[in-house]
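Here is a short briefing to read alongside the structure. Keep the 3D view open and follow the topics one at a time.

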Amino acid sequence: MVALWFGVLILRVLAVVHSEAQLLLPTTFSENLSVFHKGKLAVSEPIKVRNSAYSSPQQLLIVSPKEAGLYPVLLFIHGTMISNDDYSDLFLHIASHAFIVVAPQLFSVFNLPSQAQEIEMAATVANWLPSNLQHVLHERVNKQVEPNLDKLALSGHSRGGKSAFALALGLSKTKLSLKISALIGVDPVEGRNKNKRTRPYVLTYEPNSFNLSIPVTIIGTGLGNHTKLLNPACAPNGVNHQEFFNECNKECSHFVIMEYGHMQMLNDVLDALAISMSRVCASKRGSNSIMRRTLGGVMVAFLGAYFGDEGGQYFAILDNPSLAPTKLYANNKGILGLAPSYAL
Ligand SMILES: *[C@@H]1O[C@H](CO)[C@@H](O)[C@H](O)[C@H]1NC(C)=O
Ligand SMILES: *[C@@H]1O[C@H](CO)[C@@H](O)[C@H](O)[C@H]1NC(C)=O
Ligand SMILES: *[C@@H]1O[C@H](CO)[C@@H](O)[C@H](O)[C@H]1NC(C)=O
């Protein structure tokens, strides 16, 4: 018991030292952090749940570790007209580090919901999790794989990133029946520009104005605000990750994957719609695999800090972003500490 408390104390002291003085931690990590590589666990093939199977309000993609265990859950909302399938390589990376990923499909070619509708749909999916996710896992993965919804993180990419913030800020009409414990914005975007934003508004243009009491990380892309040919930027200045971070109120970190573009966390092989959506965004040539490893690694490190046992890697990356596989910018505000209930 004493040893446990002592351990917690050390973690807390490290966390405070980190945020106030930006000192280098005396870490024991080699330069090769495990979060940036495929994790130790074997992972299920991505599981497709049809709309209305298991009472699901939407079609879902679920990726889970195969081994018996109790795992935190990441709910992930896709970007505009990008299918949940197009992120499957990123999900496999995350799941191999002992997380269950649930990604709803919130549009079809016959039905393109507004942002407000999308937020309601995502809320309905979140409310579906407590009574239903375990049945899918038991039947399709392993009878002994359990979701731990006390450790539920919400995330989304682009417009889906904004939806994730809207849900966490309580802007949905559908009230959430469970608590969100952490929030990840993946290159979140609120609209085409400051004057053409989608409703409900999340951004206020007041620094520190979000009213969030959970840890947040915002991971942007360096090429997101660049134009390509005559196309406007995919993550334009004023409505992108930078402004989300400015308005984040406490315990927030901000990363920018400098040399990659807004769509480069997607699989290398995409469906036709995702290909056409990606083509208009500035991007680095070649495979996206380093981008996926970097983004997946930062997400896993952040989730590990609050939900698991990889917190040290999160602080190590914040202190020394050059540990990432590609050029990474890192910043934070507020006191970053492990959530008390998870520290033990
Ligand atoms: C880094 O670690 C991963 C496993 O965590 C391993 O597969 C890889 O070979 C290592 N790379 C180097 C350069 O040590
Ligand atoms: C912030 O959220 C809390 C509940 O999470 C609420 O009690 C409080 O009134 C909110 N503050 C503002 C300024 O909206
Ligand atoms: C992109 O954003 C960064 C940081 O917010 C800024 O320094 C840079 O000038 C922007 N680039 C363009 C092309 O707007």
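**A covered strand**

Strand E6 (residues 182-186) is mostly covered, with five of its five residues buried. Please bear in mind that this is a predicted model.

**Strand E6 and its partner**

- Both faces of E6 are covered.
- E6 pairs with strand E5 (residues 145-157) in the parallel sense, over five bridges.

**The nonpolar cores**

- As general background, nonpolar side chains in soluble globular proteins tend to be buried together.
- In this model the largest nonpolar core has 54 residues, and Phe-255, Met-299 and Tyr-314 have the most contacts inside it.
- Helix H7 (residues 289-307) gives the most to this core, contributing eleven residues.
- Leaving aside neighbours within four places in sequence, Phe-255 is in contact with residues including Ile-218, Val-298, Tyr-314, Leu-318 and Leu-328.
- A second, separate core has 46 residues, among them Val-102, Leu-129, Leu-137 and Ala-166.

**Gly-297, a buried glycine**

- Gly-297 is placed in helix H7.
- Gly-297 counts as buried because its relative accessibility is 0%, and the cut-off for buried is under 20%.
- Gly-297 and Phe-36 are 261 residues apart along the chain, yet their C-alpha atoms are separated by 4.3 Å.
- Not counting residues up to four places away in sequence, Gly-297 touches Val-35, Phe-36, His-93 and Arg-292.

**Thr-326, buried in a loop**

- Where does Thr-326 lie? You will find Thr-326 in the loop between helix H8 (311-319) and strand E11 (328-333).
- Thr-326 has a relative accessible area of 11%, so this residue is buried.
- Once residues up to four places away in sequence are set aside, Thr-326 touches Ile-257, Glu-259, Tyr-260, Ile-290 and Thr-294.

**The site of ligand 3**

- Which residues surround ligand 3? They are Asn-225, Asn-237 and Gln-242.
- An oxygen atom of ligand 3 is 2.3 Å from an N or O atom in the side chain of Asn-225.
- For Asn-237, a side-chain N or O atom is 2.8 Å from an oxygen atom of ligand 3.
- Ligand 3 taken alone exposes 370 Å², and the protein buries 40% of that.

How values were computed
Residues numbered from 1 in each chain as written. Chains lettered and ligands numbered in written order. Predicted model: local features only at pLDDT ≥ 70, side-chain atom pairs only at ≥ 80, totals over all residues. Heavy atoms only, no water. Near = heavy atom within 4 Å. Polar contact = N/O pair within 3.5 Å; in protein donor to acceptor, adjacent residues only side chain to side chain. Areas by Shrake-Rupley, 256 points an atom, 1.4 Å probe, with all protein chains shown as cover. Core = buried A, V, L, I, M, F, W, Y, C linked by side-chain atoms within 4.5 Å. Buried < 20%, exposed > 50% of the residue type's maximum accessible area, 1.4 Å probe, protein only. Helix = DSSP H or I, 4+ residues; strand = E, 2+ residues; numbered from the N terminus. Contact = heavy atoms within 4.5 Å. Pairing = 2+ DSSP bridges.
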